[in-house]
Structure formats: C-alpha cells, structure tokens
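Please look through the structure below together with its sequence. The paragraphs after it take the helices in turn, then the charged pairs and the surface.

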Amino acid sequence: MQLTLHTDYALRLLIRLAQGQSQNGLVQIADVASEHDISLAHLRKVANHLGRLGFIETVRGRGGGIR
C-alpha cells in the first residue's frame, strides 16, 4: 500500500503527539519537522488540516503548538 506524503506526514505527526508532550501539553511543529527531516512549511499545512478536521488542537502565538 502506498501513502501520499500528506498522509505519511499526518500519521507521523499523530504518532509523535501520542508518544508524549512537553510540560505544558504542547508540541512544537518545528520540533517534529526536525525530528523527521520534514519540510516545516509542508508539516504546518498538514497540522492545519488535522486541526480543521478536529483531530488535533492548535494553539497560535508565542508559546503555541499542537496537542
């Protein structure tokens, strides 16, 4: 079975969120991108899509992230 890059990145992001979070409960998208050597811009689009679908919660601004 072949997955699209979008699906692959979405699964990696969800797995990373399930593994554990920082002390404030938020994970930085940049950290996940660097861990998996993924384009930050592309991973932001994936996170935005997952957030709009209700799979993750996104927090904007300084100190923001996803959970």
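**Charged pairs and helix faces**

Glutamate 35 has a relative accessible area of 45% and is therefore partly exposed, where buried means under 20% relative accessible area, exposed over 50%, and partly exposed in between, with a 1.4 Å probe and protein chains only. The model is a predicted one, in which local features need pLDDT of at least 70 and side-chain atom pairs count only at pLDDT 80 or more, while totals for chains, interfaces and linings use all residues. Residues are numbered from 1 along each chain as its sequence is written, and side-chain values use heavy atoms, with hydrogens and water left out.

Glutamate 35 forms a salt bridge with arginine 16, with 3.0 Å between the closest N and O atoms; a salt bridge here is a side-chain nitrogen of Lys or Arg within 4 Å of a carboxyl oxygen of Asp or Glu. This pair links distant parts of the chain, since glutamate 35 belongs to helix H2 and arginine 16 to helix H1, 19 residues apart. Helices (H or I, at least four residues) and strands (E, at least two) are DSSP runs, numbered from the N terminus. Arginine 16 counts as buried because its relative accessibility is 17%, and, leaving aside residues up to four places away in sequence, arginine 16 touches Val27, Val32 and Glu35, contact meaning heavy atoms within 4.5 Å.

The structure holds three salt bridges. Another of them joins the side chains of aspartate 8 and arginine 12 at 3.2 Å, N to O, and because these two residues are four apart in helix H1, about one helical turn separates them. Aspartate 8 is partly exposed at 21% relative accessibility, as is arginine 12 at 32%. Arginine 67 and glutamate 57 also meet through their side chains in a salt bridge, at 3.1 Å, N to O. Here too distant parts of the chain are linked, with arginine 67 in the segment after S2 and glutamate 57 in the loop between H3 and S1, 10 residues apart.

In helix H2 (29-36), the buried residues are Ile29, Val32 and Ala33. They lie on the same side of H2 because they cover an arc of only 100° around the axis, the arc being that of the directions from the helix axis to the C-beta atoms. These residues pack against H1, H3 and strand S2 (65-66).

Which residues of H3 are buried? They are Leu43, Val46, Ala47 and Leu50, and their arc of only 100° around the axis puts them on the same side of H3. An α-helix has 3.6 residues a turn, so residues three or four places apart point the same way. The buried residues of H3 pack against H1, H2 and strand S1 (58-59), whereas Lys45 and Arg52 are exposed on the other side of H3. Just after H3, glycine 54 takes a positive phi of about 90°.
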